[in-house]
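This report describes the fold elements, packing and selected side-chain contacts of one protein model. The structure is shown first, and the description follows.

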Amino acid sequence: MKKKRKGLKIAGGIVLAVILILAVLVGYLTIREYRPKAVEAVETGNGTDSLDIGDSFTILTYNTGYAGLSKDEDFFMDGGTKVQPESKELVENNLKGITSILEKQDADIYFLQEVDRDSKRSYHIDEQEYYEDALGLTGMFACNFKCDYVPYPLPPIGKVKSGLVTMTSLEVTDASRIALPESFSWPVKTCNLKRCMLETRVPLEGTDKELVLINFHLEAYDSGEGKIAQSRMLAEKLEAEYEKGNYVIAGGDFNQTFEGMDKYPIHNKDNWVPGIVGTEDIPDGFSFAVSDNVPTCRLLNGPYSGNYEDSQVYVLDGFIVSDNIKVNQVENINTDFEYTDHQPVRMEGTLLN
């Protein structure tokens, strides 16, 4: 009986210790939670090129997957097992490959998502600095994931600092981080993403109008309510800028597919299934600029098979464009998912009179 009581005391002590450790961790994460303001100024880049009404331009959106989600990788949130790539060399190779794609596209404007600046999962490489050095441009950064220590899964994700980067050779007069509605409640939100829009404003020669560029990455893993709220706020922002007479392009990773785009069917609905965004979700005067010539994202439940039948793929990336911009071409660039789980989307447009 004494041995039994002693065993119960030991077990109780272990349980109590675990509870105390968890309480301390939750308390620490709550105190240290990233709490950005609704709108925060972002330092503008070093672009000097000008843009006039009637000019044409190119813009590229690319979710870089923190250079850690190349073709042989999987991810635990998608049904895989991995938390981070197994070596710093792999991340460096992916960065080199992503950069070669950006250089080849030679766009006037780049929207990048999932760019790490100081994260355990990407071996604390400053990826923004890497892209800046390669392209000779100063990027504008809006943080959307910042946590001293993400405690899940096992092994844990650890420290994360990541976000959106917009790079352009065009002159930018103002840039802002605009917070989007949060998708999660306490305590999960303490170590989760804080989604946002990265707004940059480009003056147009000979007019008081602006080209307003909005880079975004909407919610992926919530129940759907957060993504709906974020999409609604994005639509309100687009409408407000359009009413001012500005030219507006929003682009990035919707984490939703597009109404009527059924070229790449869902193989298994037990896996992650994206929602659908349609024309009723965007204001009058706007349209989607998207393509299905190749998919833009793959499911990370396993390595990429090399074909769309054995690997689940989607079209989740693209643009929303105001009707005072003529869309000349939209093309998804085929990279065979070599360096990240997304493929870039390139758009060519013209500012109409």
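Glu73 lies in the loop between S3 and H2; helices (H or I, at least four residues) and strands (E, at least two) are DSSP runs, numbered from the N terminus. The model is predicted: local features need pLDDT of at least 70, side-chain atom pairs count only at pLDDT 80 or more, and totals for chains, interfaces and linings use all residues. Residues are numbered from 1 along each chain as its sequence is written, and side-chain values use heavy atoms, with hydrogens and water left out.

With a relative accessible area of 5%, Glu73 is buried, where buried means under 20% relative accessible area, exposed over 50% and partly exposed in between (1.4 Å probe, protein chains only). Leaving aside neighbours within four places in sequence, Glu73 is in contact with residues including Lys82, Arg298 and Pro303; contact means heavy atoms within 4.5 Å. Glu73 and Gly251 are 178 residues apart in sequence and 26 Å apart in space, C-alpha to C-alpha.

Asn63 is found in strand S3 and counts as buried because its relative accessibility is 0%. Not counting residues up to four places away in sequence, Asn63 touches Gln113, Glu114, His217, Asp253, Asp317, Thr340 and His342. Each of these two residues has a side-chain polar contact listed below. A polar contact is a pair of N or O atoms within 3.5 Å; within protein, one must be able to donate a hydrogen and the other to accept it, and residues adjacent in sequence count only if both atoms are side-chain atoms.

| Side chain | Partner side chain | Distance |
|---|---|---|
| Glu73 | Lys82 | 3.4 Å |
| Asn63 | His342 | 3.5 Å |

**The sheet and its helices**

Six strands form an open sheet with mixed pairing, in the order S5-S6-S4-S3-S18-S17; two strands pair if DSSP finds at least two bridges between them. Strands S5 (140–150) and S17 (325–332) stand at the edges with a single partner strand each, so one side of each is left without a neighbour in the sheet. Neighbouring strands of this sheet are turned by 15° against each other on average, direction ignored.

S3 (residues 56–63) and S4 (residues 109–116) pair in the parallel sense over five bridges, and Ile59 stands opposite Ile109 in S4. S5 and S6 run antiparallel and are joined by eight bridges, with Phe141 opposite Val165 in S6. Eight of the 11 residues of S5 are buried.

Helix H2 (residues 88–105) lies across S3, S4 and strand S18 (345–351), running at about 165° to S3. Axes are lines fitted to C-alpha atoms, for helices over the stretch in contact, and angles run from 0 to 180 degrees between N-to-C directions. Helix H3 (residues 127–135) packs on the sheet and touches S4, S5 and strand S6 (158–168), its direction making about 150° with that of S4.

**Nonpolar cores**

The largest nonpolar core has 28 residues, and those with the most contacts inside it are Ile59, Leu211, Ile249, Phe319 and Met347. A nonpolar core is a set of buried Ala, Val, Leu, Ile, Met, Phe, Trp, Tyr and Cys residues joined through side-chain atoms within 4.5 Å. Strand S8 (residues 196–205) supplies the largest share of this core, four residues. A second, separate core of 23 residues includes Ala250, Ile282, Phe286 and Val315.
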